[in-house]
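User: Please take a close look at one part of this model and describe the contacts there.

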Amino acid sequence: MMSRHCSFCDATESEENPLIAGNGVYICKNCVFSAYKIMFGDEKQSSDTNKSELLEAVDNLMTPKELNNFLSDYIIGQEKARKLLSVAVYNHYKRIFKTHEVSDDDTEIAKSNVLLIGPTGSGKTLMAQTIARVLNVPIAITDATSLTEAGYVGEDVENILTKLIQAADGDVQRAEKGIVFIDEVDKVARMSENRSITRDVSGEGVQQALLKIIEGAEVNIPPKGGRKHPNQEFTTIDTKNILFICGGAFDGLEDILKRKQGDNILGFGHEKKTKDEQKPTYDMVEPDDLVSYGLIPELIGRLPIIASLQEISEEDMVRILVEPKNSLVKQYKKLFSIDGVDLSFEDEALKAIAAKSIKRKTGARGLRAILEENMIDIMYELPEYEGYEVLITKDVIENNQDPVYIKKSNQKIA
């Protein structure tokens, strides 16, 4: 009888290496094992890696105090908001990783998604980015104004999840424990509390579309984003363990708070309040105020934690310039040092930068633009000043004057 050979490796059939016969072809046991390893080996390795990362996340889950301390290295002020966010994030990931350690009952802990309310440039996006960095989880950041209901021109709400998977390098399991930050959520508020009989494509419709993914559901999304089409392959992602953080400036919310507070209180026994005492703050915001603003109650119910950020004072703005680990002053000093130049700022110059940003109402976000405006000419000539110190004065910021160049031998050059 003629011996049979593997069609792949040409090995001869034996008791140790039997063949599987096909339609005129054969494959040996060794090739079957090799094929299995090729097809599923990486997937198993990825699964083992995911388990290892999850175990590490359980062991290294930071306490609220530790999270807040980390945030304080990058975010100046906003103590109350940092505290609220730290507790919310800790509870969220404790819910994912540690609830099984307590008991075997069927009690389910609901997600604690977060709504950040504060002026432009107060640190909402930075808070979400910093939390994601310390936890080593993927984060997707999107602007609510770019979203529309499914079927309309614009970006589907579900494309947010595609961005999250991309941030996780295609690892769906890792993405399912990530963070989604939706900025400008106030821009999709209804214009009034009365429901319109017409279709609200970019307002209430978007809020309704957000409900499903924020609450927690298995969502089918196109792997590369874009619109859904019939007969298209989909990636399924479960959103029940994804932390959603929404942010918005909510311009005009102060008017709602004023009406509720009542600027003029008539009657005896009421002390007259000063203007500062009468001025409402974001700390006073309650869910019904957000309904009056135009958010639907169902969406507010899925964002149970409301953290308010205050407008940044000039003093805090100066601290933002110099204190955080990645502060702008530290960044520019490093850039200058690469060319062998020392950079320093007078205190009055830092105050002038902060005052400009407050005047422009751009918050901390506007600090870089102000610095770039004043530093561009200096950096243009920077390589020629190796061995010098460059001193930025108040006049550089306010009057566009040249800085003071100080040679290391202490000889000054105007």
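Is Asn374 buried or exposed, and what is its relative accessible area? Please go on from there to the tyrosine rings.

Analyst: This is a predicted model, in which local features need pLDDT of at least 70 and side-chain atom pairs count only at pLDDT 80 or more, while totals for chains, interfaces and linings use all residues. Residues are numbered from 1 along each chain as its sequence is written, and side-chain values use heavy atoms, with hydrogens and water left out.

Asn374 is buried, at 8% relative accessible area (buried is under 20%, exposed over 50%, partly exposed in between, with a 1.4 Å probe and protein chains only). Asn374 belongs to helix 15, residues 367-380 (helices are DSSP runs of H or I with at least four residues, strands runs of E with at least two, numbered from the N terminus). Leaving aside residues up to four places away in sequence, Asn374 touches Lys356, Val396, Ile397 and Asn400 (contact means heavy atoms within 4.5 Å).

Now the rings. The structure has four aromatic pairs (rings of Phe, Tyr and Trp, the last by its six-membered ring, pair if their centres lie within 6.5 Å; planes under 30 degrees apart are stacked, over 60 edge-to-face, the rest tilted). Tyr385 and Tyr388 make an edge-to-face pair, 5.4 Å centre to centre with 80° between the planes; both residues are buried. Tyr385 and Tyr405 are stacked, because their ring centres are 4.2 Å apart and their planes stand at 20°. Tyr385 lies in the loop between helix 15 and strand 13 (388-392) and Tyr405 in strand 14 (residues 404-407), so this pair ties together parts 20 residues apart in sequence. Tyr405 is buried, as is Tyr385. Through these ring pairs, Tyr385, Tyr388 and Tyr405 form a cluster.
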